[in-house]
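Student: I would like to go through some charged residues and the terms used for them. Please show me the structure before we start.

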Amino acid sequence: MAGVTLPPPLDAGLAAELRALLGDEGVLTSPSEMLVYESDGLVAYRVPPRAVILPRDTAETAFVLRALAEQRIPFVARGAGTGLSGGALALEEAVVVSTARMGQVLELDAANRRARVQPGVINAELSRLAAPHGLYFAPDPSSQSACTLGGNVAENAGGPHCLKYGVTTDHVLALTVVMPDGSVLEMGGDGETIGYDLVGLWVGSEGTFGIATELTLALASLPEARATMLAIFDRLDDASHAVSDVIGAGLLPAALEMIDQATIRAVEASIFAAGYPVDAAAALVIEFDGARAGLDEEAARAADICTARGAREVRLANDDTERDALWRGRKKAFGALGRLAPELLVQDAVVPRTALPRVLARVMEIGAEHGLRIANVFHAGDGNLHPCILFDRRDPDQLERVERASREMMRVCVEAGGTVTGEHGIGLDKREYMNGLFDEPTLQAMCSVKRVFDPAGLANPAKVLPVRVCREWVGPATRVKVAP
Amino acid sequence: MIERLRGLAGGDAVRSGRDDDAVHEVAPGVVVMPDGSDACAAVLAACSEEEWTVEIGGGRTARSAGRPVSRIDVLLSTARIRGVTEYEPDDLTIGVAGGTQIGDVRARVAAARQRLPLDPTSARASVGGVLARGAAGPMRRSWATPRRQVLGIELVTGDGRVLSVGGRVVKNVAGYDLNKLIVGSAGTLGVITRVHLRLLPLPRSSATLVLEGSTRNVLTAAARELLEAPVEPVALELIGSRWRLIALYEGAAETVAAGIDAANGVATRAGASIGREDDALERLAAAEAGAPLVIRVADLPSRLEGTLAIAQGIAGTSGTIAAHAGDGIARVMPRGGSTAPGAAAIAAAIEEARAGMKGGTVIIERGTTELLRLVDPWGGVPESTLRLTRELKRQFDPAGILQHGRWVT
């Protein structure tokens, strides 16, 4: 870690005050304890935080933010640190406020199909607890066994089944939030919204408005049945056209995912081998769910469409074991790909569904032009691409090519009418693209909204909006150190 | 005023206000009909500079929402900002100008066997108006409210800036989700001049069933049972005073058949009669669209019986009620709201209901002038979020001209 300048420590009075409330285990200040908080899922960046504070509830969080505000110390809320856009990095000498000790499910209201939880509850844990009531939490990001619901709310997280069920924002009913000055607000309630939809505005604000400390989330009914199939293609282009055809035919699968050859081969060479044919150019995992009646009819239509588009084989799962096997290749893809190169950059962009064949082909060309290995595993039904770039950071030339290729891919997606992130967020990593996506008045409007919530600029500083737009955010020189 | 606005929006885009433009008996000074976002921006910039108050009008189907005011300088109509701007059916998305009527969009996408997942009571409502109100009908059970359908918005702010919020794709987390702030903001932040929306495929089959029981409680119990079945109705409306439960099933033929079977079973067990009436929801929408007074009572779905009892208190003996039975939201259509004693009785019932509810809400969606002079349509923004609400408004409408005095702030 040579060359990293550590931020100044908290002053002794503040540290003592926080320890008195939270205990020694609630205030971490030694470099070794804080090491894990230096980066998130986007491991390219490392920034040592000034301190890590772990409140246990709304009142403690309010106390912490009030104390920090008095000394104008910025803070970054952090869940499990699985984010992929550098959103949890402690820029501007910020303190990390971890939700790790706010892991309680406060209320499970089965009659109203909702739950009130603390932000540190793990996504999959809520579904596990809701299952005996025939319910689950629909958003299912790939990291769902690790990521927190607070992080899902901050990032407006997605996942494979968001095609049918919508992203996180569609499942948030009410929030208790702590504002950057330490005040506590309730947003949303049991009745209808009066005034602005503050809950909707808050979800996806990436921790730049404050910290949500209690979340009221909608639960969905577990479907009576599922029909899952794997359609195998000899040509990538046929697979992406099949996606467009399925959506265009008026079918609404719960999930429609694509895995390309590079990914299939990585999976099959790993311990997660799912029996996908390694000579296939691409495979689609298509799942329908809901009432048993009519489900097979929907699935059969999707299978016919795939066959008509040149699928060489469509495998239908006959039971849960087979279903899990079909999904395994998709769910373990990132892990399998991670074995192939020292580093894996998972990109995230969205294009209109009809543009998918053209853009996907162009993404592969861009990889080839830059001499990079690209693997694709993504939410095809939503047009949400995840090109994965495999590379080795120790080679500076390769790193340079990765950055150029990423920029080029983003440009292609924006030009096709799309966006630079469908579910990973802007964070630190994608701030530079915001100028190409939004015009100046719109960026200024976003900045003015940020200022309404956080006039002092303390909540997750220097994220989401380009620094140039919100000039007053420029604090001490930002120390972003690329990991050696 | 007229001359200045004519210079900005064109001679034929401006006329004097008439009685039939009136909002709660107050006619606007002038009516401006800009033909696009640039003209709209020029008009609003001038209005902000002159501090002329502006009422935004779309299809004029909801003008009786909101508080009455004593003066409206300008009625800005989006009637000439219309048309489908972008439509690629296989993307299942559409771009439309803000003043386009819902009925026109429905007709356009029906040709591709698709539908617009917005169901205000009137097809004459403009798309921009429906989003500004966040208006949803019985299909909210499966479609959720309009905020779910919005991908992007072009908004002309009160001071004449043109913002492009969101995008055109179905998944997008770039920047703040200002779409959510705008949807339901009742025109207080700006004029919606263009939107990109999600579309859905038309269902391959559907059936509307009507259950009639001896009492309301028989039908609320039946509603609960229908919602527990594997095939859930996509809309479920409980209407009275002659109590009926309307259940709509959609999907593959086999799915709809299973829904019908489930409903027949529920009806038999409840001792209710059951029959097929495929136009039942259309007739309900027409009745609601024609009602001069609509009050919404909402609380948790599990408290439906309590919500209906409160609704009954407001409806009195002669009013009617329609409830989204799965969502805990009742609409009350009392009679007699345009006479002084009638309005006073309804106002008292609303105040009493508000005082008695814990987390629920009582909102006047459409009110008579007499009633709205007596009681606030929303009962106020919660105190804790009032500062945020006002400051957000100021960022978009610094002169405070839009829907001046008409909204919660």
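Student: Which residues form a negative surface patch?

Tutor: A:D319, A:D320, A:E322 and A:D324 form a negative surface patch. This is a predicted model, in which local features need pLDDT of at least 70 and side-chain atom pairs count only at pLDDT 80 or more, while totals for chains, interfaces and linings use all residues. Residues are numbered from 1 along each chain as its sequence is written, chains are lettered from A and ligands numbered from 1 in the order in which they are written, and side-chain values use heavy atoms, with hydrogens and water left out.

Student: What makes a group of residues a patch?

Tutor: Patch residues have over 30% relative accessible area and no salt bridge, and like charges are joined within 9 Å. Asp and Glu count as negative.

Student: Why is A:D319 called partly exposed?

Tutor: Buried means under 20% relative accessible area, exposed means over 50%, and partly exposed is in between (1.4 Å probe, protein chains only). A:D319 has 38% relative accessibility, so A:D319 counts as partly exposed. A:D319 sits in the loop between β16 (311–316) and α11 (320–331) of chain A. Helices (H or I, at least four residues) and strands (E, at least two) are DSSP runs, numbered from the N terminus.

Student: How do you know that B:R6 and B:E3 meet in a salt bridge?

Tutor: A salt bridge needs a side-chain nitrogen of Lys or Arg within 4 Å of a carboxyl oxygen of Asp or Glu. For B:R6 and B:E3 the N to O value is 3.5 Å, and the pair is a salt bridge. Both residues lie in helix α1 (residues 2–9) of chain B, three residues apart, about one turn of the helix.

Student: Why is B:E3 called exposed?

Tutor: B:E3 has 58% relative accessibility, so B:E3 counts as exposed. B:R6 has 29% and therefore counts as partly exposed.

Student: What makes B:D21 buried?

Tutor: The relative accessible area of B:D21 is 7%, so B:D21 is buried. B:D21 forms a salt bridge with B:R15, with the closest N and O atoms 2.9 Å apart.

Student: How do you know that B:R244 forms a salt bridge with B:E212?

Tutor: Their closest N and O atoms are 3.0 Å apart, and the pair counts as a salt bridge. B:R244 lies in strand β14 (residues 244–251) and B:E212 in strand β12 (residues 205–212) of chain B, so the pair ties together parts 32 residues apart in sequence.

Student: How many salt bridges does this rule give over all chains?

Tutor: The count is 70.

Definitions and conventions
Patches are made of residues with over 30% relative accessible area and no salt bridge: like charges are joined within 9 Å, nonpolar side chains (Val, Leu, Ile, Met, Phe, Trp, Tyr) within 5 Å. Accessible areas come from the Shrake-Rupley method with a 1.4 Å probe; for residues, only the protein chains shown count as cover. The place of a charge is taken as NZ of Lys, CZ of Arg, CG of Asp or CD of Glu.
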